Amino acid sequence: MLLDFSSLSKFRAEISALGDSLFHGETSLFIEDIINKKNHYKVFAAFRDEKVAGFLILSTVLDESEILEVAVSENFRRCGLGSELMSEIFGWCAKNEISKIFLEVRESNFPARTYYKKFGFVENGLRKNYYRGPVENAVLMSKELS
Ligand SMILES: CC(C)(COP(=O)(O)OP(=O)(O)OC[C@H]1O[C@@H](n2cnc3c(N)ncnc32)[C@H](O)[C@@H]1OP(=O)(O)O)[C@@H](O)C(=O)NCCC(=O)NCCS
């Protein structure tokens, strides 16, 4: 589900706990900025047993969106939660007349690259040594929406 302001405040700690270990602490910074109205990112969450088991952060400028982060708790991977989150953003993008979604992913992250490809994203660029800790290329992917 797309979290409104009060749900985001309620689940902030759970989302940050899941994301910060994977994304070097960036998740809590994104959420802090949303709460302080410094950006308009959308946060989608998937729940199991009333706890956050996955989330996706989407940034939108005009008619283009970018997936900033997506993560599913290790215990729940390969159970369809990532697919649920992707379906939700496709629905949101359709309603909001978004024409393209893009993202960057570590070159070695084959599970994520396979996941994105399954949902119609195509690889169309490489940013050399884009990531730190460890240094690694970023693969650029995008999907045109009709
Ligand atoms: C990428 C991620 C969000 C996928 O979430 P998930 O809930 O496991 O995804 P789903 O169960 O819905 O799987 C959807 C599809 O993704 C692909 N996929 C997911 N995990 C995969 C893996 N380990 N190996 C290969 N393909 C994989 C498959 O195509 C899968 O479809 P299938 O099960 O019919 O084969 C999850 O692996 C994750 O949180 N990874 C760590 C964080 C991360 O790397 N985020 C992306 C940063 S850019």
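Helices (H or I, at least four residues) and strands (E, at least two) are DSSP runs, numbered from the N terminus. The model you are looking at is predicted: local features need pLDDT of at least 70, side-chain atom pairs count only at pLDDT 80 or more, and totals for chains, interfaces and linings use all residues. Residues are numbered from 1 along each chain as its sequence is written.

**Exercise 1. Work out the order of the elements along the protein.**

Step 1: Count the elements; there are 4 helices and 6 strands.

Step 2: Start at the N terminus and read on, which gives α-α-β-β-β-α-β-α-β-β.

**Exercise 2. Find which residues of α2 are buried, and where they sit around the helix axis.**

Step 1: Apply the rule for burial (buried if 20 or more other C-beta atoms lie within 10 Å of a residue's own, exposed if 12 or fewer, partly exposed in between, with C-beta atoms placed from the backbone). In α2, Thr-27, Phe-30, Ile-31 and Ile-34 are buried.

Step 2: Look at the directions from the helix axis to the C-beta atoms, which define the arc. A handy reminder: an α-helix has 3.6 residues a turn, so residues three or four places apart point the same way.

Step 3: Ask what this side meets. The buried residues of α2 pack against α1, β1, β2 and β3.

**Exercise 3. Explore the largest nonpolar core.**

Step 1: Recall the term: a nonpolar core is a set of buried Ala, Val, Leu, Ile, Met, Phe, Trp, Tyr and Cys residues joined through C-beta atoms within 7 Å. This core has 32 residues, and Val-43, Phe-44, Ala-45, Phe-55, Leu-56 and Leu-85 touch the most other members.

Step 2: See who contributes. β2 gives the most, with 6 residues.

Step 3: Zoom in on Leu-56. Leaving out residues up to four places away in sequence, Leu-56 touches Phe-44, Ile-67, Val-70, Leu-85 and Ile-89; contact needs C-beta atoms, placed from the backbone, within 7 Å.

**Exercise 4. Describe how the two domains meet.**

Step 1: The C-alpha centres of domain 1 and domain 2 are 18 Å apart.

Step 2: Domain 1 brings 9 residues to the contact and domain 2 brings 8 residues.

Step 3: On the domain 1 side, the largest share, 4 residues, comes from β3.

Technical notes. Domain bounds come from an automatic or database domain assignment.
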